[in-house]
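Work through the exercises below with the sequence and the 3D structure at hand. Each task is followed by a solution in steps.

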Amino acid sequence: MPFRRGILVRGIVQGVGFRPWVFHQARAFDLTGFVLNRTGEVWIEVQGKLADLDRFMTMLASHSPPLARIDAITTRPLEPITENDFRIEASSAAEPGPIFVAPDVAPCAACLAELCDSGARRFHYPFLNCTHCGPRLTIITGAPYDRARTTLATFPLCPACQAEYDNPADRRFHAQAIACPVCGPQLQLVDRHGKALLEPPLSTVVAALRRGQIVALKGLGGFHLACLADNDLVVRELRRRKQREEKPFAVMVANDIAAARLGEISLGERDLLNSPARPIVLLRRRTDAAIADAVAPHNPYLGVMLPYTPLHHLLFHDMPDTTLVMTSGNRADEPIAHDDADALERLGDIADLFLLHNRPIHVRCDDSVTRVVAGVELPLRRSRGYAPQPITLPFRCPQPILAVGGQFKGTFALGRDCHAFLSHHLGDLDDYAAFSAFRRDIALYEELFALEPTLIVHDLHPNYASTQYARERIGSSRHQQGFAVQHHHAHLAGCMAENNLTEPVIGVTFDGTGYGLDGTIWGGEFLVGDYRGFRRAAHFRPVPLPGGDRAVREPWRIALAYLRDAGVTCAKLESRIAKPAWRTIQQMLDRGFQCPLTSSAGRLFDAVAVLAGVRETVSFEGQAAMQLEWLATGSAADAVYPYDIATTAAATFVIDFRPLIRAVVGEPEAAQLARRFHATLAEVIGVVCARIREQTSLNDVVLTGGVFLNTLLTIETTRQLESRGFRVYRHRLVPPSDAGLSLGQLAIAAANVR
Ligand code: ZN
Ligand code: ZN
Ligand code: FE
């Protein structure tokens, strides 16, 4: 007597090869029945011996295709029927399409084997993929996800591919991006003027790279600029042409063995390097790494990634021991190029040679960047390979919500049910191209996820491009309400949401800039609250920021502001700055002219870095602070600097660093200064949180904001807090920087309209 069960599977189960996989498992266990796609879920009926049904269930729960993510499985017993096989049933025509969209991932093992199999019809074919791997988000042009709404729409399938596509037992069953040398995209080699070259593309590129040339490679989510990483001359030439002075370049190597020759690799880092998302992983650089100095100047870390497209694998097949610089195809701070004509125009002066292909990239998607801190991932940029996978919220969104994020390191998030669909990295929205992509990709995501937001959430800052976008939409629609969220409250809520916290916490929210409730610039904040609201329990004593944003590029101005505030001088610093500039800033400070007040922790880092002699100006925000961290790394702190904590009438603590500045000025040794400063800040956090606990009895602390990209501070603060009995939470899924704002905004809005 057979048994029959109905099984409902929810999660990312469509467009990821789930049905063929179920088909194989059911056959393997001698079960009959069927599998069927329904809206955002899969329905399975299986019939057979009880033991086989149980084994099938175990398999379902513990193993699934690499791109699938099962959120819930529910079963119920059914009456057995007469049937003799297992089938994949067609979805009904009214199917609204997948609710989840998979990210772009690296070739699976089966595809890699095929790539190297000289007997296979896709031998050395750079566009092979299957339902378990390959491009997704970057090629999707609309919903529902099928081939007609991808950039492969113009490549009709050949009979052999069609047969695989139609065969439920094949791993390419309904693989929308299926391609082969007969019917799929092809490589094309062109010179810097766009003139087609007839040489064989791959071997010519390999020879050019070996000769020390710079090659633009069209990839998955955009163009890369590639060159030999051990050739100082060519790397410096790349910097000159790209107009990028010091921002580090990432490198690509053939495998994790080669990566281990460049950096020290823990097990966690090895797993991340090899994960299907293939992010850039920041490794502690080995002193004997064969890398030109110009790749990552003065930087003790190196961003390393492994091949993540068949094309990368083919390149390294021909040059297995090479380390290639693989940096985004752009000039200075522009968004990465992703369209052929645009790339030729913008990169024509940078690259000597272009390796193109005729599969258009629809969604520009930068490489993700991550690292491991104290054994746990700390994302720096969540983009290719991760987006648009949902992050599970601790509660349901009562209505469809769009959160537009901040201004810098832009992302947006769409919320439905318990899911937050976080976008890929969109860059700084003050750039017009980045802002255009932001608008376009919001529309695309809304279509893909079949979601029409009735609530649009934005930052309090009136001049953020994202705020203006949100207001424009709210103003022109009757169906959309607006909701403004304070910047640091969003940071706090984002960290709470990804850690599944629902009770009030102390939020240590340290960043560069965020619009405060009082109109000043906040950034060294201790908030107490949850999704529903917050109180500013403590903050840094505000200092003037001479010239506003210009001070971020010229942090010596901030150092001067701190010096004046503390009533000390620093002859060493003064001697390094041009006299007229120094005098101008002094006068601005005296008159309070263009000197907005800020409590920013990022600016304190800037000031101390300048006083440590690290640098006086920067080419990107956070550069001086980062160098201060490197300077401090590796030694133990032997002392802390003095500081004061005042209490206002409203029982708010104000942290006064004037005593610290006075001590720092007298410090002879830069590394010790940097080390003691980090120790001081960690201690301050511990002490202030303990005082807040006395007021509130709260014992959970979240660490958030861009300053917590600083690993030394993160580790030391965690130690300080844990030794005082606090439970400490930090980011693991989204970056602590403004890239995580959209998630926090979404959670706050969802909680407040409930
Ligand atoms: Zn595959
Ligand atoms: Zn084909
Ligand atoms: Fe921020």
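**Exercise 1**

Which residues does Thr-714 touch, not counting residues up to four places away in sequence?

Solution. The model is a predicted one. Begin by placing the residue: Thr-714 belongs to helix 22 (residues 711-723). Next, list its contacts beyond four places in sequence: Leu-703, Phe-708 and Arg-730. The cut-off for buried is under 20%.

**Exercise 2**

Name the atoms that coordinate the zinc ion (ligand 2), and state the geometry of the site.

Solution. Step one is to find the donors: they are the SG atoms of Cys-158, Cys-161, Cys-180 and Cys-183, at 2.2 to 2.4 Å. Step two is to take the angles that these four donor atoms subtend, which run from 102 to 118°. Four donors count as tetrahedral if all angles lie between 85 and 135 degrees. The arrangement around the zinc ion (ligand 2) is therefore tetrahedral. For comparison, the ideal angle for four tetrahedral donors is 109.5 degrees. Step three is to read the spacing of the donors of the zinc ion (ligand 2) along the chain, C-x2-C-x18-C-x2-C. Within this set, Cys-161 in helix 4 (residues 159-166) and Cys-180 in the loop between helix 4 and strand 6 (187-191) are 19 residues apart, and the pair links distant parts of the chain. Cys-161 and Cys-180 are both buried.

**Exercise 3**

What spacing do the donors of the zinc ion (ligand 1) follow along the chain?

Solution. First identify the protein donors of the zinc ion (ligand 1): Cys-108, Cys-111, Cys-130 and Cys-133, each through SG, lying 2.3 to 2.4 Å from the ion. Their spacing is C-x2-C-x18-C-x2-C. The angles among the four donor atoms are 102 to 118°, and the site is tetrahedral.

**Exercise 4**

Why is helix 1 (residues 18-28) described as largely enclosed by the rest of the structure?

Solution. Count the buried residues: there are eight among the eleven of helix 1, so the helix is largely enclosed. They are Phe-18, Arg-19, Pro-20, Trp-21, Val-22, Phe-23, Gln-25 and Ala-26. Then see what surrounds them. The buried residues of helix 1 pack against several elements, including strand 1 (3-12), helix 2 (50-62) and strand 4 (69-78). After helix 1 comes Asp-30, with a positive phi near 65°.

**Exercise 5**

Which strands pair with strand 23 (residues 534-540), and in what sense?

Solution. Take strand 22 (residues 521-529) as one partner: the pairing with strand 23 is antiparallel and has five bridges. A hairpin of four residues connects strand 22 to strand 23. In this pairing, Glu-525 stands opposite His-539 of strand 23. Now take strand 27 (residues 653-656), which runs parallel to strand 23 and is joined to it by three bridges. Here Ala-538 stands opposite Phe-653 in strand 27. To finish, check burial: five of the seven residues of strand 23 are buried, so the strand is largely enclosed by the rest of the structure.

Methods:
Residues numbered from 1 in each chain as written. Chains lettered and ligands numbered in written order. Predicted model: local features only at pLDDT ≥ 70, side-chain atom pairs only at ≥ 80, totals over all residues. Heavy atoms only, no water. Helix = DSSP H or I, 4+ residues; strand = E, 2+ residues; numbered from the N terminus. Contact = heavy atoms within 4.5 Å. Donors = N, O, S within 2.8 Å, 3.2 Å for Na, K, Ca; no water. Tetrahedral: all angles 85-135°; square planar, octahedral: opposite > 155°, others 65-115°. Buried < 20%, exposed > 50% of the residue type's maximum accessible area, 1.4 Å probe, protein only. Pairing = 2+ DSSP bridges.
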